[in-house]
Amino acid sequence: MFQEEYRELRPRAPIPPFDIRFRRFTSLNTTIRLREGLLYVRLSDLLEHAPATIHHSIAHILLAKLYRKPIAPLHADRYRRHVSSETVSRQAEHIRQTRGRKRILTPVGHHFDLNEVFDSLNARFFHGLLGKPTLTWSAHHARRMLGHYDAAHNTIVVSRIFDRPNTPRFAIEYLLYHEMLHLKHPVRVKAGRRCVHSREFQAEERLFPQLEEAKAYLRRL
């Protein structure tokens, strides 16, 4: 399959040897590397029993990315629909839970206690009914990922960059409130597409009283 897709993308180039193996990754990883004329392909074992059409799409996408060719919409859409399907999403979540490791540090920072902030927001916006996940500060002062909710490990991670005396309370409240909404409104799949921020999610997010002020602060970080 990889040879066929290679020939489609590079009709005049000689086909190099392939080393293709399935690995017990903790997610739906797919990688390709070109080393000394040999193409190394590593695929998640979750894809091992996928239909042949999906394997063709994976081959096309990986090779197109490697050789900087346009990815055919047919292959992109086919692969996206497959990995977003309820069955595959459920399997991917399961392997993340069973194989993945989550580094949990502490919710108590030098200036903010995430447990206290969570409890305050839970009472103000969720009638105290939202179940508390594991809360932790990140290991580093990350600027690219300020916070995220990991559904597989039921954990909210907040960047340690917020744990400083000059951070406005409303900024960390908004960030944690946003991740709490992910807890309340899980990712859904509609027509083969993942819906991360549903209409209900966005409507509740707008209820945060200092929304624009908080977003402006985050943009300045």
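Visitor: What makes residues count here?
Guide: Because the model is predicted, local features need pLDDT of at least 70 and side-chain atom pairs count only at pLDDT 80 or more, while totals for chains, interfaces and linings use all residues. Residues are numbered from 1 along each chain as its sequence is written, and side-chain values use heavy atoms, with hydrogens and water left out.

Visitor: How do you know that the reach of H3 is close to what is expected?
Guide: The expected span is 1.5 Å times one less than the number of residues; H3, residues 73-84, has 12 residues and reaches 16 Å from its first C-alpha to its last, close to the expected 16 Å.

Visitor: Why are E4 and E5 said to stand at the edges?
Guide: Two strands pair if DSSP finds at least two bridges between them, and the open sheet has the order E4-E6-E5; E4 and E5 (147-150) each have a single partner strand, so one side of each is left without a neighbour in the sheet.

Visitor: What is the largest nonpolar core?
Guide: A nonpolar core is a set of buried (under 20% relative accessible area, 1.4 Å probe, protein chains only) Ala, Val, Leu, Ile, Met, Phe, Trp, Tyr and Cys residues joined through side-chain atoms within 4.5 Å; the largest has 31 residues, and Val158, Phe162, Leu176 and Met180 have the most contacts inside it. H6 gives the most to this core, with 10 residues.

Definitions and conventions
Helices (H or I, at least four residues) and strands (E, at least two) are DSSP runs, numbered from the N terminus. Buried means under 20% relative accessible area, exposed over 50%, partly exposed in between (1.4 Å probe, protein chains only).
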